[in-house]
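Dear colleague,

I am passing on the structure we spoke about, and my notes on it follow below. Please read them with the model open beside you.

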Amino acid sequence: MNKKHGTLYIVPTPIGNLEDITLRAVKILKSVSVIGAEDTRNSGNLLKHYEIKTLLFSYHKFNERARVEKILRYLENGEDVALISDAGTPGISDPAQVIIREAIKNEIKVETLPGATAFIPALVSSGFNTKRFYFLGFLPTKKSEKEQLLKSVSKIEDTLIFYEAPHRLMKFFQSLKTFLGNRKVVIARELSKMFETYYRLTIDEILSSPEKLILKGEFVIVVEGAKTEAVSDEEIGKLLDKFLKRNFSVKAAVEKVREITGIPKNRIYKIALSKK
Ligand code: SAM
């Protein structure tokens with residue numbers, strides 16, 4: 001780390017309620033030389049509220065690469081720079097990654113402040129498993145990429161978390177039904193805002209009664225992990241038999257059954273061994 005260089009601060013800002021910003025975040029935003037903001041007008045309101053008068057410049061996904069030189073110049077001159085996004089933590093479904101990588105490459109200190117992000121409150125309030133979870137953010141817009149991603153997580157027992165825009169929500173749930181089957185979901189709408197709502201439904205309930213949802217505002221969708229324990233030993237045994245009859249080795253049959261069911265190998269092996 002070059003001590004003569006400034007620090008790049010990644011600063012979370014509220015996702016709705018203006019009070020969800022830390023004392024340290026305000027202090028740092030006041031003390032840095034410049035703040036890179038996704039939308040300077042939007043952030044202007046927040047900064048005004050906290051009487052932060054630091055110079056703002058735009059840093060968004062369309063000029064992210066071009067802005068890197070400018071930010072590096074400040075940092076290499078020993079000046080501190082903060083980066084904020086429209087809401088929540090920069091770098092989480094928001095720009096920041098390009099400058100963070102460049103800063104690391106140039107031995108510049110990167111400090112990300114803990115703070116607001118939309119998926120953590122949604123996950124915690126969901127009541128689903130928080131021990132292990134997958135944050136998937138926005139699904140790819142390209143159909144083939146989207147399908148591939150959903151297939152790849154369809155057997156995962158951990159909780160899945162998505163971001164989605166309101167106008168794409170119903171299509172999103174149709175895709176979930178196709179690739180993940182019917183599951184319990186928690187839809188966290190307008191977190192920390194006046195109309196914060198949690199919907200606790202199944203995908204089938206949403207698809208058959210869409211009127212249950214108000215499709216306006218911002219949404220985090222938390223999906224319960226796959227329930228692979230629901231597959232009985234007998235069913236696993238039958239699947240194994242199918243492959244063993246086709247002259248698969250035990251190892252290859254176990255691997256095939258794991259691929260199909262997503263069940264951990266140990267359990268399948270135990271069942272395979274008990275057949276001998
Ligand atoms: N950087 C942000 C974070 O740390 O969560 C996320 C930015 S991403 C461009 C915006 C998406 O985050 C929205 O489409 C929505 O899925 C989710 N989001 C942001 N604020 C939210 C809120 N108040 N309630 C529910 N979801 C929210």
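What distance separates the centres of domain 1 and domain 3, taken over C-alpha atoms? In this predicted model, the two centres are 52 Å apart. For orientation, the chain is divided into domain 1, which covers 7-112, domain 2, which covers 119-223, and domain 3, which covers 233-274.

The ligand is where I would ask you to look next. Domain 1 and domain 2 both contribute residues to the shell around the ligand, and it therefore lies between them. The place in which the ligand sits is the largest pocket.

Around the ligand there are 19 residues, of which I92, T117, Y163, L191 and F219 come nearest. Sorted by class, the shell consists of 10 nonpolar, four polar and five charged residues. Two strands, β7 (159-164) and β10 (219-223), each supply at least two residues of that shell.

A backbone N or O atom of F219 lies 2.6 Å from an oxygen atom of the ligand, and a backbone N or O atom of A118 is placed 2.9 Å from an oxygen atom of the ligand. For L191, a polar backbone atom is found 2.8 Å from a nitrogen atom of the ligand.

With best wishes

How values were computed. Residues are numbered from 1 along each chain as its sequence is written. This is a predicted model: local features need pLDDT of at least 70, side-chain atom pairs count only at pLDDT 80 or more; totals for chains, interfaces and linings use all residues. Side-chain values use heavy atoms; hydrogens and water are left out. A residue is near a molecule or strand if one of its heavy atoms lies within 4 Å of it. A polar contact is a pair of N or O atoms within 3.5 Å; within protein, one must be able to donate a hydrogen and the other to accept it, and residues adjacent in sequence count only if both atoms are side-chain atoms. On a 1 Å grid over the protein atoms alone, a cavity is a set of points where a 1.4 Å probe fits but cannot get out, and a pocket is an open set with protein on both sides within 12 Å along at least five of seven lines; lining residues have an atom within 4 Å of a point. A molecule sits in a cavity or pocket if more than half of its atoms lie within 2 Å of its grid points. Helices (H or I, at least four residues) and strands (E, at least two) are DSSP runs, numbered from the N terminus. Ala, Val, Leu, Ile, Met, Phe, Trp, Tyr, Cys and Pro count as nonpolar, Asp, Glu, Lys and Arg as charged, and the others, Gly among them, as polar. Domain bounds come from an automatic or database domain assignment.
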